Amino acid sequence: AEYQISEGRFLPGRLVAGRYRIVALLGKGGMGEVYRADDLTLGQAVALKFLPDEAARDEGLLERFRNEVRIARRVSHPNVCRVYDVGDVDGQTFFTMEYVDGEDLASLLRRIGRLPPDKALDIARQLCAGLAAAHTKGVLHRDLKPANILVTADGAVKLLDFGIAKLLDPQLAHMTHASAAPLTPSCAAPEQLNGGLITTATDVYALGVLLFELLTGTHPWLESAMPLLQAMRMVLQRAAPVASETAARNDHAPVPIRLIRGD
């Protein structure tokens with residue numbers, strides 16, 4: 001990943017919590033800042049994720065932040081970004097996670113369009129393996145999308161960001177109730193948008209949308225900058241397209257995959 005020398009709360013060289021030496025700001029957005037740092041105790045690179053300053057006073061956001069750590073730590077798999085621990089510095093909560101030197105899939109798709117079929121298949125296999133590992137531990141990701149997937153230069157895939165993940169309800173046998181959460185409509189399954197029961201199939205639906213993008217270079221239904229309510233109507237009402245037909249319209253070689261909408 002390309003280091004960003006931009007304005008963050010910590011400058012390169014700053015020692016955080018007496019242990020982490022800040023190297024660079026990697027990303028900054030509505031949900032906070034992520035830094036590349038060196039763990040001086042263990043002698044390894046890590047990433048530090050901080051909530052926005054104003055969130056430090058929002059107990060709901062703090063609890064969501066801690067929940068991300070609790071849930072993510074349940075899953076240990078080569079295709080899932082590891083989360084280590086929670087820390088605090090000057091009243092600001094952060095957590096440490098595996099540092100992955102890679103590019104997120106959303107950026108990769110914008111840069112090169114659809115991936116070659118063999119590369120797309122390799123990424124798909126790794127994504128399926130990471131998602132299966134999460135489901136085995138009773139974890140629903142609920143926000144599977146290109147921006148939450150990192151691909152390294154050597155082709156390794158890492159699933160990250162369990163910020164709205166949820167544990168399956170053992171009383172509902174592989175189902176749990178949908179809850180209010182900042183969903184991404186373009187990847188959300190209909191039951192998420194309708195507030196119904198969600199299952200592992202909810203993540204698989206998002207995986208299908210993602211694979212469609214990998215193989216065709218376009219989203220199944222949506223166009224960029226589409227208003228939120230229009231995007232939700234498209235997902236709920238529009239019939240699923242055939243990837244091979246979309247690929248043909250984009251002058252790509254046909255690919256044998258079709259999204260199937262669940263009940």
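A nonpolar core is a set of buried Ala, Val, Leu, Ile, Met, Phe, Trp, Tyr and Cys residues joined through side-chain atoms within 4.5 Å. Buried means under 20% relative accessible area, exposed over 50%, and partly exposed in between (1.4 Å probe, protein chains only). The model is predicted: local features need pLDDT of at least 70, side-chain atom pairs count only at pLDDT 80 or more, and totals for chains, interfaces and linings use all residues. Residues are numbered from 1 along each chain as its sequence is written, and side-chain values use heavy atoms, with hydrogens and water left out.

Q: How many helices and strands does the protein have?
A: Helices (H or I, at least four residues) and strands (E, at least two) are DSSP runs, numbered from the N terminus. By this rule the protein has 13 strands and seven helices.

Q: What percentage of the residues of the protein count as buried?
A: The protein exposes about 13200 Å², of which carbon and sulfur atoms supply 53%; accessible areas come from the Shrake-Rupley method with a 1.4 Å probe, and for residues only the protein chains shown count as cover. Of its 263 residues, the buried share is 48%.

Q: Which residues touch the most other members of the largest nonpolar core?
A: In soluble globular proteins, nonpolar side chains tend to be buried together. The largest nonpolar core here has 37 residues, and those that touch the most other members are L105, L115, I123, L144, I149, F162 and L214.

Q: Which element gives the most to this core?
A: The elements that give two or more residues to the core are α1 (59-72), β6 (92-98), α2, α3, β9, β10 and α5. With seven residues, the element that gives the most is α3.

Q: Which residues does L115 touch, not counting residues up to four places away in sequence?
A: A contact means heavy atoms within 4.5 Å. With residues up to four places away in sequence not counted, L115 touches L105, L108, L109, A120, I123 and L214.

Q: What distance does helix α3 reach from its first C-alpha to its last?
A: Helix α3 covers residues 117-136, which is 20 residues. The expected span of a helix is 1.5 Å times one less than its number of residues, and for α3 this is 28 Å. The helix is close to that value, reaching 28 Å.

Q: What covers the buried residues of α3?
A: The buried residues of α3 include A120, I123, L127 and L131. Their cover includes α2 (105-112), β8 (139-140), β9 (149-152), β10 (157-159) and α5 (200-216).

Q: Which residue meets D90 in a salt bridge?
A: A salt bridge is a side-chain nitrogen of Lys or Arg within 4 Å of a carboxyl oxygen of Asp or Glu. The side chain of D90 takes part in one at 3.3 Å, N to O, and its partner is R14. The pair links distant parts of the chain, 76 residues apart: D90 is in the loop between β5 (83-89) and β6, and in the segment before β1 (15-16) lies R14.

Q: Is D39, which forms a salt bridge with R19, buried or exposed?
A: The closest N and O atoms of D39 and R19 are 2.8 Å apart. D39 lies in strand β3 (residues 32-39) and R19 in the loop between β1 and β2 (20-29), so the pair ties together parts that are 20 residues apart in sequence. R19 is partly exposed at 27% relative accessibility. At 3%, D39 is buried.
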